[in-house]
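Subject: Handing over a structure, with notes

Dear colleague,

I am passing on the structure below, and would be glad if you could read the notes that follow with the model open beside them.

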Amino acid sequence: MEKLFSCSLALAAAVLLSGPVQAWAGQAAPGFNTTIPDYIMTPDKVETRIGELSFYDGIPDKPTLDKLYDNLDFMRGVDVFLNFIPATSIEAMRMGMADLGADASNKVLIFDDLMDSNPLFLTGNTDTVYAAAILDLEKDGPTVVEVPPGSGPGTLNDAFFRFVVDMGAPGPDRKKGGTYIILPPGYKGELKPTPNTFTDNSSSKAIVDGELRDVWIAQSRSYTNWLILRGFLVNGKPDAASTMYREGLKIYPLAQADNPPAMQFINGSGKAFNTIHANTTKFYEELWHVLQKEPISFIDPELRGQAAAIGIVKGQPFAPDERMQKILVDSAAVGNATARAISLRPRDKNAFLYKGKQWYTGFVGKDYRWLDNTGVRGRNLDARTLFFYSATVNTPAMALEIPGVGSNYAFATSDSNGDILFGEKNYKVNIPADVPARDFWSIVVYDPQTRSELQSGQPYPSKNNKRDKLIYNGDGSVDLYFGPEPVKEFEANWTQTVPGKAWFVLFRLYGPLQPWFDKTWQLNDFELIK
């Protein structure tokens, strides 16, 4: 290891010190009284990827200074784009829901008829009834969420898309329903967070509307929080889940428990609206709004410093000068392009689910914080970008191996040869028999531009084993077809794609079982039909 490290350093030094600096063995270098190692010196001319850099005795000249600081600001802008995608994604969600009228915690966006391809919503599903709300803990203080019995997976994420608490099936209520209290940052009252883990669902006691109740309590690090609940189809239909939320979901400030504001439900099905962060310099404006809203403690000094380096500071206007505006245009473009590479064409071998296949996970390392489980490598920043550029909802129930609980996912953006999936071509994928999903499985087609459901002639670009009457093979497997035109005699198994556009998919398992985790059951790759 030491030899490899030494060789690498020697190679780097040889590349860097391409100018006239030399080592003077046994004698002082010119201008020095002692021998100076060449590896601490900087030559007068250095060739780099940003051009030639010029120095006088190690001090950059004016053109080099301008070039270096422009490059530094550019790099800071790229870093901010990549590292703050979770924050701007929640902000875009908040704005998109507000545009439909869901601008208070008692106003819930519900998809009574499921989510079709009209909304711009990162990899949303067509399989469950979504009920979503934005909590404002700065305005409302501690907030109560009453979840009805029968709710499927539900999660509360904070304004940096960090996990706060699960509800429903993977939550401490274990799908039996119950009362949750969400505490704001800086809360100093008597309520204390409960464990809220899969192994410890013990509750606490609190007075709500004059009644002593069993409650689960969670502490958030931000004022803005996004609640997303999912209700399962019954007999392939969404009616029961929609009714469950409309009649049983309650959200209100704890201080108004004796007279809570009336719940309002806004049907998002069939409506076109946007919940996706910008890929231009508007991204930085979205981030500025987040930092103005949230407390200083919302993010650590390292992240605050990154944002401040390009002029995004709490309590100050974001007003880049003409030079900085031009640089940030490039930063956003390169940041966006890099995020697309990481998310849609990953290079991390640990992302791939099976050896020699194209399917990959959104939770590289099987950790919802993207921390290395050995403790050696720290946080996998690229893995975090992979997930949040194309997806929402951050919960241990989607990352950990808990058979029969929560959900698991697999991305595919290419065919068995590693080529892009083209909308004008035809493909087939064989789903083996006995899919290890207790609740259901599905496959949904997405648009790589928007990372939202592909807009085609089919409002629901997907297949679901509980909703759709699929044609199965004699061995119990099913062949699914994808292309611009249906496959004769297999129309029920066909999902339409759009010529001139690429596409990708997410395979979902709700209630994944052990064969999924130990890989004794595996997905097959997409095959091009020639």
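Strands here are DSSP runs of E with at least two residues, and helices are runs of H or I with at least four, both numbered from the N terminus; two strands are said to pair if DSSP finds at least two bridges between them.

As for conventions, residues are numbered from 1 along each chain as its sequence is written. Because the model is predicted, local features need pLDDT of at least 70 and side-chain atom pairs count only at pLDDT 80 or more, while totals for chains, interfaces and linings use all residues, and side-chain values use heavy atoms, with hydrogens and water left out.

Within the sheet, strand 4 (residues 107-110) and strand 5 (residues 129-136) run antiparallel and are joined by 2 bridges, with I110 standing opposite A131 in strand 5.

Strand 8 has 5 of its 6 residues buried, so it is largely enclosed by the rest of the structure, where buried means under 20% relative accessible area, exposed over 50% and partly exposed in between, with a 1.4 Å probe and protein chains only.

**Aromatic pairs and charges over rings**

The structure holds 34 aromatic pairs, a pair being two rings of Phe, Tyr or Trp (its six-membered ring) whose centres lie within 6.5 Å, counted as stacked with planes under 30 degrees apart, edge-to-face over 60 and tilted for the rest. F161 and F388 form a tilted pair, at 5.1 Å centre to centre and with 35 degrees between the planes. This pair links distant parts of the chain, since F161 is in the loop between strand 7 (153-158) and strand 8 whereas F388 is in helix 9, 227 residues apart. Both F161 and F388 are buried.

F232 and F440 form an edge-to-face pair, at 5.9 Å centre to centre and 85 degrees between the planes. It also joins distant parts of the chain, with F232 in the loop between strand 12 and helix 5 and F440 in strand 17 (residues 437-447), 208 residues apart. F232 is buried with a relative accessible area of 16%, and F440 is buried with one of 5%.

One aromatic cluster includes F161 and F388 together with F111, Y130 and W226. Separately, R451 lies over the face of Y389, at 3.8 Å from the ring centre, and K357 lies over the face of Y354, at 5.2 Å; a charge counts as over a ring if NZ of Lys or CZ of Arg is within 6 Å of the ring centre and within 35 degrees of the ring normal.

Strand 17 is mostly covered, with 10 of its 11 residues buried. It runs antiparallel to strand 22, to which 8 bridges join it, and S442 has R508 as its bridge partner there. Strand 17 also pairs in the antiparallel sense with strand 19 (residues 462-464) over 3 bridges, and S442 stands opposite N464 in that strand. In the hairpin of strand 17 and strand 18, which has 4 residues between the strands, R451 takes a positive phi near 55 degrees.

Helix 8 (residues 322-344) has 23 residues and reaches 33 Å from its first C-alpha to its last, close to the 33 Å expected at 1.5 Å a residue, the expected span being 1.5 Å times one less than the number of residues. Its buried residues include M324, G335, N336 and R340, and what covers the buried residues of helix 8 includes helix 2 (62-83), helix 9 (381-390) and strand 22 (504-512).

With best wishes

Definitions and conventions
Contact = heavy atoms within 4.5 Å.
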